[in-house]
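Some notes on this model follow, point by point. Please read them with the structure open.

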Amino acid sequence: MATVEGQVSQQAPDAAEAPNGKPEAAAGIAVENPATGEIVATVPDLGAEKVVELAVRGRAAQPEWEAYGFEGRARVMRRAQKWLMDNAGRVIETIVSETGKTHEDAEFAEIGYAGNAFGFWAKEGPAYLADEKVKSSQVLVKGKKLVLRYQPLGLIGVIGPWNYPLTNSFGDCIPALMAGNSVILKPSEITPLTSLLMAEGLRECGLPENVLQIATGRGATGAALVEQVDMIMFTGSTATGMKVAETAARRLIPASLELGGKDPMLVLSDADLERAANFATYYSMQNAGQTCISIERVYVEEPVYDEFVAKVSEKVSALRVGKPDGFGSVEVGAITFPPQMETIKDHVADAVQKGARVLTGGHQLPGAGRFFEPTVLVDVDHSMKIMTDETFGPTLPIMKVRDADEAVRLANDSPYGLGASVFSRDAARGEAIARRLQAGAANVNDAMINYTVLELPMGGAKASGLGSRHGAGGIRKYCSQQAIVVTKLAMKKELFMYPYKNRTSRMLAGLFKLLYGRGKRP
Ligand code: NDP
């Protein structure tokens, strides 16, 4: 495995525990397998000067890449799509080794996503960024050619979190590259290996040198990157997102922010309870609950509460948790980020101390790996962190509500607004309720599935973000817009020009009155 600096080592360095619980190597950053506690590699910790060097190289490489045109760039993306499928086993092992997630979580939510995304952006990117011919009602431009065009911004910074090293760190590079930009990706220090492997793969597929560079490092490397690029795409916590937004504002560069969430699920009394219970179980425990759009809290109408709770408890208590050892070995993998374990334990303890009951789970497993039992809590309310703060773990608090109105009020009682779901056999009623939820995406009788629909925008409301990925906006944000006006049939001068003459000016004033004075569009 090689990095841009060619320095990844697969040997275990002398690792020590840093104050934040992350392993630290004597030189560089040690990457730990959270399922075993083993150090699997060490990567360089790039300082600000190194980031400046990468930026210089990235800017120098960009014009040639832009000159490839859509067709040339799409060819590389399609090759990369095939490369990913040919190397899926290796990529999955890399993801699993640095996250401790199950092989299914890596296959379904990472390989499946990126495989689709390479093809999607190769096909749709050119259409989303094609010149748009514009028609205008403005009389002074009648007969002129009006065009809206998109140009790559130049050098894009992508900063990603540790929960989905392929989907959320690397995934945003695909549309940024398709638009003709060069990219510097700063993966989480916890999970840099997948990004390095993907950069190697893209080079094999013909991506020119320095068009995609990986800046391994810690938070300071990310902060240095925001200082260098023409646009920043950030995925991570709301707290860090705010810092990134402040720097972007000072530098007057665009920032797209995909931040935290506390997604609610609403179960109405007419819901298919078996389906609702399966979805609640899967989408709260998938990826060990470490998904920005995990179901983090459930509100159930009183008449079906007991039956729903019984079904969910039974399903959750049957889940196997532990070290992943290939497909079918366990359902719930490791807690990737050491401090996250403390947050999960703190939220459960806080809830229990305030009167919640744990129906199943509730504890960290002993042993070398970092695992938390799949946990269901009841008798919860909004005085508890587990109902208000992002837990990001395999926990499912379930709250009884009087009716749908109370469920909507509680669902919206959150600073976050990423995703939401509503379960009802009456799809129209479900949709009407979904429309009342303050969330960037709302699924009816489903959950999280919107993320896989690359044609739909994915972004957060309120403190869950600014801007969105996917859809037309998900690639146009990597471009500046240019308005072009072409005058073909040109007179020597226009009527309104100098010298001003009383008669001509009155005539034009009369024309404006005629056009705009009747309350109708011309
Ligand atoms: P963090 O905000 O801690 O880190 C995100 C990235 O930012 C990491 O690469 C981190 O580096 C880097 N970073 C840290 N400090 C700075 C800084 N000052 N300037 C620039 N970059 C910095 O988030 P997590 O990695 O803990 O990710 C989990 C969070 O991500 C959750 O809140 C989750 O909801 C959210 N998320 C949102 C998604 C969405 O689509 N809305 C999708 C996935 C996750 P390092 O790790 O090396 O410190």
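1. Helices α2 and α3 are roughly perpendicular to each other. This is a predicted model. The angle between α2 (residues 69–86) and α3 (residues 88–99) is about 70°, and their axes are 5 Å apart. From α2, the contact uses Trp-83, Leu-84, Met-85 and Asp-86. From α3, Ala-88, Arg-90 and Val-91 take part. By class, that contact counts 5 nonpolar and 2 charged residues, with no polar ones.

2. Helix α1 (residues 48–67) crosses α2 at roughly 100°, and the axes come within 6 Å. An angle from 65 to 115 degrees counts as roughly perpendicular, so α1 and α2 fall in that class. Trp-65, Glu-66 and Ala-67 of α1 meet Gly-69, Arg-73, Val-76 and Met-77 of α2. The contact of α1 with α2 has 4 nonpolar, 1 polar and 2 charged residues.

3. Domains next. The chain divides into domain 1 (16–259 + 472–480) and domain 2 (263–459). Their centres, taken over C-alpha atoms, are separated by 29 Å. Domain 1 puts 35 residues into the contact, and domain 2 puts in 37 residues.

4. Look at Leu-212 in more detail. Leaving aside residues up to four places away in sequence, Leu-212 touches Phe-170, Cys-173, Val-183, Leu-185, Ala-199, Leu-202 and Leu-207.

5. Thr-360 sits in strand β14 (residues 357–360). Its relative accessible area is 15%, and the cut-off for buried is under 20%, so Thr-360 is buried. Thr-360 touches Ser-313, Val-316, Ser-317, Pro-374, Thr-375 and Val-376, with residues up to four places away in sequence not counted. Pro-303 belongs to helix α11 (residues 302–317). Pro-303 counts as exposed, at 64% relative accessibility. Between the C-alpha atoms of Pro-303 and Leu-268 there are 9.0 Å, and the two are 35 residues apart along the chain.

6. Which residues other than glycine have a positive phi? Asn-287 is one of them, with phi of about 55°. Asn-287 lies in the loop between α10 (273–285) and β13 (295–301). Asn-287 is buried, with a relative accessible area of 2%. Lys-462 also has a positive phi, near 50°. Lys-462 is in strand β20 (residues 461–462). Lys-462 is partly exposed, at a relative accessible area of 38%.

7. Last, a peptide bond to check. Tyr-498 and Pro-499 are joined by a cis peptide bond, with omega of about -5°. Pro-499 is in the loop between β22 (479–486) and α17 (502–516).

Notes. Residues numbered from 1 in each chain as written. Predicted model: local features only at pLDDT ≥ 70, side-chain atom pairs only at ≥ 80, totals over all residues. Heavy atoms only, no water. Contact = heavy atoms within 4.5 Å. Axes fitted to C-alpha atoms, helices over the stretch in contact; angles between N-to-C directions. Helix = DSSP H or I, 4+ residues; strand = E, 2+ residues; numbered from the N terminus. Parallel < 35°, antiparallel > 145°, perpendicular 65-115°, else oblique. Nonpolar A, V, L, I, M, F, W, Y, C, P; charged D, E, K, R; others polar. Buried < 20%, exposed > 50% of the residue type's maximum accessible area, 1.4 Å probe, protein only. Domains from an automatic or database assignment.
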